[in-house]
Protein chains: 2
Amino acid sequence: MGKLKLFEADAATTGKFESKDEALDESKKLQEQLYDLLYLMFAHDKHSMLVILQGIDTSGKDGVVRHLFASANPQGIRVFSFKKPSAEELRHDIFWRCHKHTPESGLAAIFNRSYYEEVTTVMVHPELLKLQRIPEMSSDLKGLFKSRYEHINAFEKMLSQRGTVVLKFFLHISKVEQKERLKARLKDRKRNWKFSEADVVERKYWDKYMDSYEKMLKFTHTKHAPWHIVPANTKWYRDYLISKITVEALAKLKMSFPKSNHQMKSIR
Amino acid sequence: MGKLKLFEADAATTGKFESKDEALDESKKLQEQLYDLLYLMFAHDKHSMLVILQGIDTSGKDGVVRHLFASANPQGIRVFSFKKPSAEELRHDIFWRCHKHTPESGLAAIFNRSYYEEVTTVMVHPELLKLQRIPEMSSDLKGLFKSRYEHINAFEKMLSQRGTVVLKFFLHISKVEQKERLKARLKDRKRNWKFSEADVVERKYWDKYMDSYEKMLKFTHTKHAPWHIVPANTKWYRDYLISKITVEALAKLKMSFPKSNHQMKSIR
């Protein structure tokens, strides 16, 4: 990947669609296909799927979780949200709290935020590194993040070679769109609780966040675990795209239903 | 590292020592140093220590655990034995069950066996791979183990760069010594329970185990996590060597007691 710039305009596209209804029709079909593919993955029992959602505050990570698995069987899918790390988590490596929740064969997991916070939020706020009690390299920030990218790539390669499909979505909204969404949270009583003063403070760091995202996308976009940059100003387009990419990724696997050990005929 | 051969003779050496008592004197001093260093590590609170013990049945892994931390504060050290993986563990990658037990900063952990079983026992008995539900590569065994070595090296580099001292000990006994130890288990009522018919069956695979150990030692001996091959026919020499290497590794770290925030004088 060459030099990457996250432009405002990219965030607003709705691709081939002219209206929401068109997209919803296709999305509905994709949802059904996804349901079938997850069922097949469960039966085939050799692959698993890990969906990683990253994006700035209000970019729609929770919305994707709701949408993407609206029609999935909750038995086969688990969602994990990685918020501010606990004291115990800070005392371990950056994968520790996430690794234990990677999906077992047959199942799917969604990470709402992940170890990618360690190369984005932590890059914007390097003072957070002090909490992590890292002995060396904290004076060499560039080196530290470079090795974190490498560790991430190695970790995802390992998961991928074990049979996990790693799907990484970066939800890309524009700065103007974020402003609208923060305002909406203030207005709507049902969404008030999601508004945090911290979001407004973080907004000041917009450019620094974009810079960290660009670096993340560049250095951790790999064959085993590519990034998908999702224009996310328009929610229905965002959801359509994610369904589509997910369905395509699962369909590519060579999965089949196992043969039964029983003589079905004789049982009938 | 060039081609490596685990010779029978190597296992019996007692190095510079002519008598057991000489070694015990030095071992005692090392134990005290180890106690102090682990206390310092706890106070300094930036490093952790992971000791990995590998070796064939009866090579003395349990004995090392007893000896090495006989004098340590049990609050700062935890031992994990990785036996036959559970059904849930088999459904994850090879690090999953171990990673959750890696030590947090300030603390030490001992792994009695580890993910290295996945490139030794599993190499000797590739039929075990079927239980692991790996989608591809099971037809390409060489490729599979090659990527496992790479994953191991990446995992340990990650731990090491986060501040964990990774100490890997391979306990090397001779085939004759193993026979004696198995016999002893049969004779001694207190050790009867440790005798398993499986051990005798496994003994038939001696050469295959040696081959897998040689490969493991060659391909996972890295700057961040070197292997220490410990001649282990003689228990007191084995214990001395492990104490010595452990003390030296911890002493090399730049650790110091943190300054107190309090005015000690005024409190006095």
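Colleague: How much area do chain A and chain B bury between them?

Modeller: About 3100 Å², with 49% of it on carbon and sulfur atoms. In chain A, A:R91, A:R133 and A:R162 lose the most area to chain B, together 22% of what that side buries. Buried area here is the accessible area (1.4 Å probe) that two parts lose on being put together, summed over both. The 3100 Å² therefore covers both chains.

Colleague: What kind of model is this, and how is it numbered?

Modeller: It is a predicted model, in which local features need pLDDT of at least 70, side-chain atom pairs count only at pLDDT 80 or more, and totals for chains, interfaces and linings use all residues. Residues are numbered from 1 along each chain as its sequence is written, chains are lettered from A and ligands numbered from 1 in the order in which they are written, and side-chain values use heavy atoms, with hydrogens and water left out.

Colleague: How many residues does the contact take from each chain?

Modeller: 32 residues from chain A and 32 residues from chain B. Contact means heavy atoms within 4.5 Å. 100% of the interface residues of chain A are also interface residues in chain B, so the copies meet through the same surface.

Colleague: Why are β2 and β5 of chain A said to stand at the edges?

Modeller: The order is β2-β3-β1-β4-β5 in an open sheet of 5 strands, and the pairing is parallel. β2 (77–81) and β5 (227–231) of chain A each have a single partner strand, so one side of each is left without a neighbour in the sheet. Two strands pair if DSSP finds at least two bridges between them. Strand β4 (residues 164–172) of chain A is joined to β5(A) by 5 bridges, so the pair meets that rule. Within it, A:K168 stands opposite A:W227. Strands (E, at least two residues) and helices (H or I, at least four) are DSSP runs, numbered from the N terminus.

Colleague: What makes α2(A) largely enclosed by the rest of the structure?

Modeller: 6 of its 8 residues are buried, so α2(A) is largely enclosed. Buried means under 20% relative accessible area, exposed over 50%, partly exposed in between (1.4 Å probe, protein chains only). The buried ones are A:K61, A:G63, A:V64, A:V65, A:H67 and A:L68. Their packing partners in chain A are α1 (20–44), β1, β2, β3, β4 and α10 (235–252). Helix α2 of chain A runs at about 150 degrees to β1(A). Such angles run from 0 to 180 degrees between N-to-C directions, with axes as lines fitted to C-alpha atoms, for helices over the stretch in contact.

Colleague: What does B:F219 count as, and at what accessibility?

Modeller: Partly exposed, at 41% relative accessibility. B:F219 is in helix α9 (residues 206–219) of chain B. Not counting residues up to four places away in sequence, B:F219 touches B:Y149 and B:N153.

Colleague: What makes strand β3 of chain B mostly covered?

Modeller: 5 of its 5 residues are buried. B:A108, B:I110 and B:N112 point one way, B:A109 and B:F111 the other. In a regular strand the side chains alternate between the two faces of the sheet. β3(B) has parallel pairing with β1 (residues 48–55) of chain B over 5 bridges, and B:V51 stands opposite B:I110. Another 5 bridges join β2 (residues 77–81) of chain B to β3(B), with B:I77 opposite B:A108.

Colleague: Which residues have the most contacts inside the largest nonpolar core?

Modeller: A:L38, A:F69, B:L38 and B:F69, in a core of 145 residues. A nonpolar core is a set of buried Ala, Val, Leu, Ile, Met, Phe, Trp, Tyr and Cys residues joined through side-chain atoms within 4.5 Å. Beyond neighbours within four places in sequence, the contacts of A:F69 include A:L34, A:L38, A:M49 and A:I110.
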